[in-house]
Amino acid sequence: MADDNATPAAAVRLTALTKDFGTVRAVDHTELAIREGEFFSLLGPSGSGKSTLLRLIAGFEHPTSGRVELAGRDVTDLPPHRRDVHTVFQDYALFPHMTVEQNVGYALLVAGVRKDERRARAREALAAVRLDGFGDRRPGRLSGGQRQRVALARALVDRPELLLLDEPLGALDLKLRQQMQTELKQIQRTTGITFLLVTHDQEEALTMSDRVAVLDGGRIEQIGPPLEVYDHPATAFVAGFVGVTNLLRGAAAQRVTGRPGTYSIRPERIRLTPLEAAPGEAGTRDAVSNDVEAGYAGSRDADPGERSVTGRITDIAHAGPHTRFSVRLDEGGDRLTVLRLNTPGHPLPARPDSPVRLAWNQDDAYPVPS
């Protein structure tokens with residue numbers, strides 16, 4: 001009798017997976033389960049082991065030890081062509097002498113699928129990536145984003161259980177990359193196929209993924225939904241790599257947060273307001289000194305559950321929709337980075353050395369292991 005409470009097989013399950021290249025350990029006893037129909041990302045810097053993990057799953061590399069399972073089937077020793085997996089690479093790898101439709105249907109041709117069925121399935125795959133009517137064109141007549149979608153259609157045409165995406169948007173410009181992020185997620189939802197993305201781009205992983213695994217040194221540092229990984233980093237590495245953060249340790253943490261330990265404060269969670277001052281430089285410095293004497297720096301809670309410090313701007317960088325400030329604090333000389341949206345009616349300090357007050361909710365100083 002079947003167990004109704006049995007856990008369904010994961011689309012991908014890695015058990016104690018290890019890969020050594022000589023004396024270098026690229027993947028270190030990795031344990032990972034990816035759910036069926038999930039958009040999952042492996043995120044990390046160069047050398048973190050993410051591409052090696054993808055190659056182990058695809059069968060392009062053989063593990064030193066451990067096991068790879070796809071849909072509950074042990075495929076550790078199977079070659080790539082015997083795994084129900086397709087890979088989309090950054091360079092597209094399209095045949096320039098073939099039409100778009102021929103490129104998409106090539107795998108079906110090799111598999112001996114009849115011409116009429118091959119054409120129908122190729123056109124269905126092109127429709128899924130919004131390239132209806134492009135079948136007779138050659139790849140050289142397409143834009144970078146269109147060629148990437150052709151590569152996707154070719155990978156989807158024989159309906160694999162798992163699609164691996166190896167830095168697929170890296171060759172595209174920023175605007176097209178952002179557009180393709182949205183389209184990739186829509187394609188994944190429409191097809192229901194499990195997508196596994198490898199990327200070093202945090203925005204890419206956070207934008208598209210149901211869950212993200214952050215890697216460093218061949219190990220998974222944290223797995224979770226994008227918002228959880230961003231707001232509640234499990235380690236100092238995750239806090240510093242995923243987005244931008246103010247990472248405070250030791251005496252600096254005690255001065256700024258009022259608590260011992262290590263804390264991550266995201267720059268957009270800090271509120272920056274100019275300090276009123278008398279005209280002239282001396283007056284400005286006197287105003288800041290008065291605030292410090294009144295208890296506004298370091299140790300003062302402006303309101304219950306809030307921290308407030310004073311400092312001076314050392315750098316201002318305008319980045320379109322937001323402005324980034326670097327602020328040196330009056331107490332201890334610690335530096336914090338602050339992001340503020342450029343919204344009407346909220347004037348910003350116009351120059352370095354302006355005195356400012358920074359405030360944030362205590363809960364936004366998130367404790368992370370040292």
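Me: What share of the contacts with a separation of 6 or more is between residues 24 or more positions apart?
Reply: In the protein chain, 63% of the contacts with a separation of 6 or more are between residues 24 or more positions apart, where contact means heavy atoms within 4.5 Å. This is a predicted model, in which local features need pLDDT of at least 70 and side-chain atom pairs count only at pLDDT 80 or more, while totals for chains, interfaces and linings use all residues. Residues are numbered from 1 along each chain as its sequence is written, and side-chain values use heavy atoms, with hydrogens and water left out.

Me: How many helices and strands are there?
Reply: The protein chain has ten helices and 18 strands, which are DSSP runs numbered from the N terminus (H or I and at least four residues for helices, E and at least two for strands).

Me: And what percentage of the residues is buried?
Reply: Of the 370 residues in the protein chain, 48% are buried, and buried means under 20% relative accessible area, with exposed over 50% and partly exposed in between (1.4 Å probe, protein chains only).

Me: OK, which residues touch the most others in the largest nonpolar core?
Reply: They are Val-104, Leu-152, Leu-163, Leu-165 and Phe-195, in a core of 34 residues; a nonpolar core is a set of buried Ala, Val, Leu, Ile, Met, Phe, Trp, Tyr and Cys residues joined through side-chain atoms within 4.5 Å. The elements giving two or more residues to this core include α2 (100-110), α3 (115-128) and β7 (162-166), while α4 gives the most, with six residues.

Me: Which strands does β3 pair with?
Reply: β3 pairs with β8 in the parallel sense over five bridges, and four bridges join β3 to β9 (residues 211-216), again running parallel; two strands pair if DSSP finds at least two bridges between them. Leu-43 stands opposite Thr-199 in β8, and the bridge partner of Leu-42 in β9 is Ala-213.

Me: Changing topic, is Gln-222 buried or exposed?
Reply: Gln-222, which is found in strand β10 (residues 219-224), is buried, with a relative accessible area of 9%. A polar atom of the Gln-222 side chain lies 2.6 Å from the backbone nitrogen of Ala-234. Leaving aside neighbours within four places in sequence, the residues in contact with Gln-222 include Val-212, Ala-213, His-232 and Pro-233.

Me: What is the strand order in the open sheet of five strands?
Reply: The order is β13-β17-β14-β15-β16, and the pairing is antiparallel. β13 (271-274) and β16 (335-341) stand at the edges, each with a single partner strand, so one side of each is left without a neighbour in the sheet.

Me: How many bridges join β14 to β17?
Reply: Seven bridges join β14 (residues 306-319) to β17 (residues 355-361), and in β17 the bridge partner of Glu-306 is Asn-361.

Conventions: A polar contact is a pair of N or O atoms within 3.5 Å; within protein, one must be able to donate a hydrogen and the other to accept it, and residues adjacent in sequence count only if both atoms are side-chain atoms.
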